[in-house]
Amino acid sequence: MDHGGGAAPARRGSRGGPGRRLRRGDVAERGVLISPTKKQSSVITRLWLQQHKPNRHHETLSEDVCPGRCELQRICYNTKPGAARTMKIEASLKGSKSKRLQTSVSVHPDAIEKTIDDIMELKRINPDVNPQLGVSLQACLLQIVGYRNLIAEVEKLRREPYDSENPQHEEMLLKLWKCLKPNSPLKARISKQWCEIGFQGDDPKTDFRGMGLLGLYNLVYFAEWDTEIAQQVLSDSLHPKYSQLSKAEWEKKKFDKAIGYSFAIVGINITDLAYNLLVSGALKTHFYNVAPEAPTLTHFQQTFCYLMHEFHKFWIEEDPLDIMEFNRVREKFHKRTLKQLQNPEMALCPHFAASESLMNM
C-alpha cells in the first residue's frame, strides 16, 4: 500500500515479506535516487507489478483518517495503482493554482525526478518521513509524460508521407506482402496483386495518404508479429461466408450475400480509429492499466492489433448488406470501444501473441 505522507507506519510481517514497509535505507538501496531512465525505472516497474498481482488485497484509507494531507497524498492513500490513480493525479496537477504543478505533467522524462522533488518541497512533504509517496508520484508522472510523448511520436509518423523513393519505405511495404502472402511471390512492384491484400489499386502508396507511415507501420507490425491471426483475418475478409459458420448454417441464415472488406484499407481506417482514441485521451485508461511506466509505440501497435481483430469479429456479427455500410459499422464499433474505455479499471485484453506481454503484467 502506498502512503501519502505523515509519520512512517509501523512495519508489519516478516523481514522482506509483503507486509514490510519501505524505510529510508530501503529506498536508497533500491536505487530510487538514480536516474529514472536507468535503474530507477526498473524499481518502479517491480513495485507496480507487485501492487497489481491478481487477487492481492489492496487497503485504502478514507479521507477522514488523513486530516491535513494535501490532495496528492489523499489520492495515493485512497486509490490503488493504475488508471484510476494516475488520472486523478493528472487532473489534480493540471487543476492546481500553482504553475509549477500545472507544468509538471509536460516535463521531459529526464526531469521527472527533479519535478517530484519540487512537488514535495512545494507541498511541504518530508520525503524522509514518507519515501513511498515520491515513488508513487513518479510512477504516475512517467505514465502521464509518456502518454504525451507517445502522441507526439504517433503524430510524427502520421504526418510523414509514404515515399516510393525511400528504400526503407519500400522495404517495409514488401515485408507486408511477404508476411501476408509468403507462398505467392510479388511479380512486380506495380501490380494488381496488391488488391489481393486489400489495397485499392496497383500501387499502395496512394492509399497511405490519410495516415502516412503510421498506417504502414501498424499493418506491418500486425502481419509480422501476429502473422497467423493476420493471415486468417485477411482470408476471412476475402471469403467471409465460410469464415465462422458451416455452409449449411450460412444458407440457413441467408448469408449467401455476405460481403467481405479490403484488409489493407480497413487496417488504415482502424489506424485512424486508434489514433483518434489516443489523441482524445480515451486510451489513457488502457495504457495506464497495462504500462507500469511510459506507454510506448509498441503498446500502441499492440492496441491496433487488438482493434483489428475485434473489428473483424464485429463486422461478421453485424452482417452488413454491402460495403456501403462500413461507416455505420465502424462508428458503432467506435462507440462500443469508447464505452469500454470509460471503465477506469479497463484494460483491453488482446487475444494474440504480440500482446501476451501486456496480459501477463
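Buried means under 20% relative accessible area, exposed over 50%, and partly exposed in between, using a 1.4 Å probe and protein chains only. Keep that in mind for this tour of a predicted model, where local features need pLDDT of at least 70, side-chain atom pairs count only at pLDDT 80 or more, and totals for chains, interfaces and linings use all residues. Residues are numbered from 1 along each chain as its sequence is written, and side-chain values use heavy atoms, leaving out hydrogens and water.

Start by selecting C179: it is buried, with a relative accessible area of 17%. Now jump to C305, which is buried at 0%. Searching the whole structure for disulfides (pairs of cysteine sulfur atoms within 2.5 Å) turns up zero.

Next, select I144 in helix α7, residues 131–159; helices are DSSP runs of H or I, at least four residues, numbered from the N terminus. I144 is buried, at 1% relative accessible area. Show its contacts (heavy atoms within 4.5 Å): beyond neighbours within four places in sequence, I144 touches T86, I89, E90, V105 and Y288.

Finally, colour helix α4, residues 83–94, which packs against α7 at about 85°, with axes 9 Å apart. Axes here are lines fitted to C-alpha atoms over the stretch in contact, and angles run from 0 to 180 degrees between N-to-C directions. The two helices are therefore roughly perpendicular, a label for 65 to 115 degrees. From α4, pick R85, T86, I89, E90 and L93; from α7, S136, L137, C140, L141, Q143 and I144 make the contact.

Definitions and conventions: Angles under 35 degrees count as roughly parallel, over 145 as roughly antiparallel, 65 to 115 as roughly perpendicular and the rest as oblique.
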